[in-house]
Amino acid sequence: MSSVASVHSLWTVAHGAPGKIPAPHVEYAQLSPTLIVLGAAVLGVVVEAFVPRRHRYYSQLLLTVVALAAGFAAVIGLAAGGFGSAKAHIAAMGALAVDGPALFLQGTILLVSLVAVFTFAERRLDPAAHGKHVDSFAAQPAAVPDGAAEQAAVKAGFTTTEVFPIALFAVGGMLVFPAANDLLTLFIALEVFSLPLYILCALARRQRLLSQEAAVKYFLLGAFSSAFLLFGVALLYGYAGTVTYAGIAEVISDGAKQIDPALAGTMGNDALLLIGAALVLMGLLFKVGAVPFHMWTPDVYQGAPTPVTGFMAAATKVAAFGALLRLLYVVLPGMRWDWQPVMWGVAIITMLGGAIVAITQTDIKRLLAYSSIAHAGFILAGVIATSEEGISSVLFYLAAYSFVTLGAFAVVTLVRDAGGEATQLSKWAGLGRRSPLVAAVFAVFLLAFAGIPLTSGFAGKFAVFKAAAQSGAGWLVVVGVLSSAIAAFFYIRVIVLMFFQEPKADGPTVAVPSPLTTTAIAIGVAVTLVLGLAPQYFLDLAGQAGVFVR
């Protein structure tokens, strides 16, 4: 009875009287981009349940495109209403930030996802099966690969339209992730976008076993990283007595002003702070694919359906770097001298490791995977700058990189042989003679990855290296430039392979895509060239969005 009385006394102290629970105050209009996407995802599940199979593809595609476009319009509306600058504040009872970086990153994620959905919906690349158009996804994912159930599903012309609501759930989690303003919201957002990605990775129509292996690896390693992050959250709560970003930052800078009696023994313990911060950073560095937390990247990129690889490589990086920036700049600025040397080391081995190992790759998807690891290192150079210029340069780089990546993987889906996509580099020999336009477009993306002037890659690298140099990280910039030179070698090697080698007699063909994939590639090329030729407006936009609300 005494324990019941003590619980009752705690309740009355917290709320004044039993039964009086304060109603939550949620600013629905300011959270509308996320609510629109998650609402459409739930509606997509209902469509799967009740709409006849023959109508699901068009219903889901229309619903997904409208939801992502409406979400982007809502982001533009919030930015125009001043929520990215003067009206920036913490919404949803302290759980989410509505500020410049959050809106910029959410807008980028929504645009990238909208373009990625076009590649998800492509149905003209594979030969028709039994007179029915097929896409990149397994006809019946739950069936045993090449078993009787799968063969029956292919014969019946089934298509896996549930990929659209699954992708929307992933996008919803990605929208919350960079805007999260407390550690529990951060963790929930991480799981909301990770679990759909694990499923999407397993759904390839061709090479089903490789696809399922990729999904299992991603799931197991992702579970480890989530566990590290959650353990770090627990330690930071023990240190600060709160999971809110502002509360932890206040305890770090000023010490605990009001000590919670239940946590008096641990609050202010620097060991908890250092270990907890390190574990949370590990969880986020896993998501951005930084060395040494990168081992999932090449296998997952290779095994997942290529449209999913492009979506994951572009959108996940944007969301994860947004969350990393907010954690370091809002929660841990008082620990700058502790985390900066560690991040220096991570950035250096990520740049060099990604660039050097990429040289040895013989598969185009694995090469692009190690390329993405090297780019994570370049972006970390901007993160380490700890200045407004550092934030804005990272925002610009993420926007530029995501469209280049999406376009490059969309081109990979077009080069095919009898077994599906021809991802072996040796098969790309002479592609420029067989299909000059496709090879030229891919060359534009490779030059952007290499950071050649007049492409978005050059403008992005210049911005992050300049911010790093101004903050005193000159040696980091030197390593970055050396890594870029190493990386340029394997990008240009692919261009030489395509244009200056004789095509093989049994070489792959280039499939003629529908307007969906054509649009995705065209948008990628347009963004790459516009951000390369006239980057100033977008750099200014990123600069205006570069201030976190605290």
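I found Thr 386 in the loop between helix 14 (364-384) and helix 15 (388-412); helices (H or I, at least four residues) and strands (E, at least two) are DSSP runs, numbered from the N terminus. This is a predicted model, where local features need pLDDT of at least 70, side-chain atom pairs count only at pLDDT 80 or more, and totals for chains, interfaces and linings use all residues. Residues are numbered from 1 along each chain as its sequence is written, and side-chain values use heavy atoms, leaving out hydrogens and water.

I looked up phi for Thr 386: positive, about 45 degrees, although Thr 386 is not a glycine. Thr 386 is partly exposed, with a relative accessible area of 22% (buried is under 20%, exposed over 50%, partly exposed in between; 1.4 Å probe, protein chains only).

Next, Ala 92. Ala 92 sits in the loop between strand 1 (89-91) and strand 2 (96-98). Its phi is positive too, near 55 degrees, and Ala 92 is buried at 15% relative accessible area.

Then I checked Pro 292, in the loop between helix 10 (270-288) and helix 11 (296-303). A cis peptide bond joins Val 291 to Pro 292, with omega about 10 degrees.

Last, the helix pair. Helix 4 (residues 100-120) packs on helix 6 (residues 163-176) at about 165 degrees, axes 10 Å apart (axes are lines fitted to C-alpha atoms, for helices over the stretch in contact; angles run from 0 to 180 degrees between N-to-C directions). That makes helix 4 roughly antiparallel to helix 6 (under 35 degrees is roughly parallel, over 145 roughly antiparallel, 65 to 115 roughly perpendicular, the rest oblique).
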